[in-house]
Amino acid sequence: MALAKLDDYRQVVGDPEIEEMRAIARQLKGARMKHINSTSVGGGVAEILHRMVPLLNEMGILARWEVIKGGDDFFNITKAFHNALHGKAENITSEMLRVFADYNRKNAEEMDFSQDDFVFIHDPQPICLIEKRTKSKAHWVWRCHIDISTPQPDLWQFLKNYVERYEGAVISSPSFSQRLSVPQFLIPPSIDPLADKNKELEPRFINSVFEKYGIDRQRPIVTQISRFDRLKDPVGLIKAFKMAHKKLDCQLVLAGGGATDDPEGLLVLEEVKAEAEGRPDIHILHLAPGADLEINALVRGSSIIVQNSIKEGFGLTVSEALWKGKAIISRPVGGITQQVLHDVTGLLVHSTEGLAYSIRYLLANPDWAAALGKAGKEFVRGNFLITRHLRRYMLVMLSTRFSGQKKIYL
């Protein structure tokens with residue numbers, strides 16, 4: 001499918017928003033912008049960049065996207081970093097920090113920043129590339145997509161020494177803010193309403209996907225779409241489903257893929273299968289990369305959506321479900337609290353028992369579930385679409401280019 005053009009979004013967000021974006025982009029016309037992260041497949045960052053980079057280029061900003069390289073040892077370390085920044089106890093050794101920095105240094109040697117005007121480094125994995133800033137005229141920004149509200153102190157101090165060498169840090173939620181000597185910008189991530197994962201689908205196609213996986217659409221369906229990651233707590237969701245199922249016939253779908261920078265995925269998948277105990281009403285789908293249309297269909301054909309994360313930077317799957325008008329049940333963690341307003345756009349729960357009760361409640365009250373989903377879709381339209389995200393990134397670019405000026409005229 002051809003990628004959507006900026007004007008295609010007028011039907012979703014209206015003419016004023018598109019015109020405002022073009023006005024801002026004119027101030028950046030010809031600027032060279034580089035994004036760097038750790039994977040091109042899997043995860044929200046890669047999804048966003050796949051859509052964002054072409055749109056930036058359409059608006060006259062010469063955007064490129066590069067991915068750092070690393071071996072298994074590097075990605076095992078960055079996974080431990082990921083967990084530790086989310087507050088989980090991890091043994092981060094000085095040897096791990098050395099290996100982490102060495103991989104960054106090797107990547108830096110192969111990268112050229114001499115022609116860039118703006119460099120956006122995504123998440124901790126490539127954070128040490130900032131050491132090359134002295135050989136660049138670019139404005140450097142660190143974009144953090146994860147929840148750093150309660151990081152492991154020693155690790156955060158190590159990373160903070162790098163963060164404060166950037167010109168600014170972008171975080172997804174006010175609660176993630178840290179005491180830093182550089183400006184912090186609040187920008188939530190976003191979904192693309194015209195991408196395969198979110199666009200409207202024909203009912204016949206939706207039915208075909210459920211038939212393919214042997215899921216009965218005549219019975220209620222509870223679905224979680226996520227990587228198989230302990231922080232998404234799929235095992236906890238199965239426990240809640242078992243409680244709910246004792247009083248209400250329903251099915252559970254756990255669907256997701258992996259990411260090349262997440263070495264734990266297959267281990268967690270086995271833990272999930274063990275908890276499911278082979279029950280025919282629990283469907284565990286390990287989807288291949290690029291299964292966006294199938295994910296879209298699974299969400300649209302489900303009765304309700306759950307995002308049972310115990311830590312979450314943002315949780316794009318939440319906005320994706322709300323955009324499809326689906327009621328969602330989540331825990332009040334990280335960026336999810338920006339998307340799920342309790343009893344307005346979904347339900348927030350604090351325990352496995354609370355999750356089980358809420359599943360039964362929404363399945364027994366489909367009109368209320370539909371009302372939550374309807375409100376959720378409009379909330380996403382106003383706050384979490386890629387057009388708003390692009391506009392905010394361009395404003396950060398202008399802010400760093402004209403740092404110190406009280407007014408910027410467009």
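**Close-up 1. Pairing of strand 5 with its neighbours.** Strand 5 and strand 6 (residues 184–186) pair in the parallel sense over 3 bridges; strands are DSSP runs of E with at least two residues, helices are runs of H or I with at least four, both numbered from the N terminus, and pairing requires at least two DSSP bridges. Ile-171 lies opposite Leu-186 in strand 6. Strand 4 (residues 139–143) also runs parallel to strand 5, joined to it by 3 bridges, with Val-141 opposite Gly-168. The model is predicted: local features need pLDDT of at least 70, side-chain atom pairs count only at pLDDT 80 or more, and totals for chains, interfaces and linings use all residues. Residues are numbered from 1 along each chain as its sequence is written, and side-chain values use heavy atoms, leaving out hydrogens and water.

**Close-up 2. The two faces of strand 5.** From strand 5 (residues 168–171), Gly-168 and Val-170 point one way, and Ala-169 and Ile-171 the other way. All four are buried (under 20% relative accessible area, with exposed over 50% and partly exposed in between; 1.4 Å probe, protein chains only).

Close-up 3. Helix 10 (residues 292–300) is largely enclosed by the rest of the structure, because 7 of its 9 residues are buried. Among the buried residues are Glu-294, Asn-296 and Arg-300. Their cover, by contact (heavy atoms within 4.5 Å), includes helix 7 (203–212), strand 8 (251–256) and helix 11 (316–323).

**Close-up 4. Trp-368 in its setting.** Trp-368 belongs to helix 14 (residues 366–383). This residue is partly exposed, with a relative accessible area of 31%.
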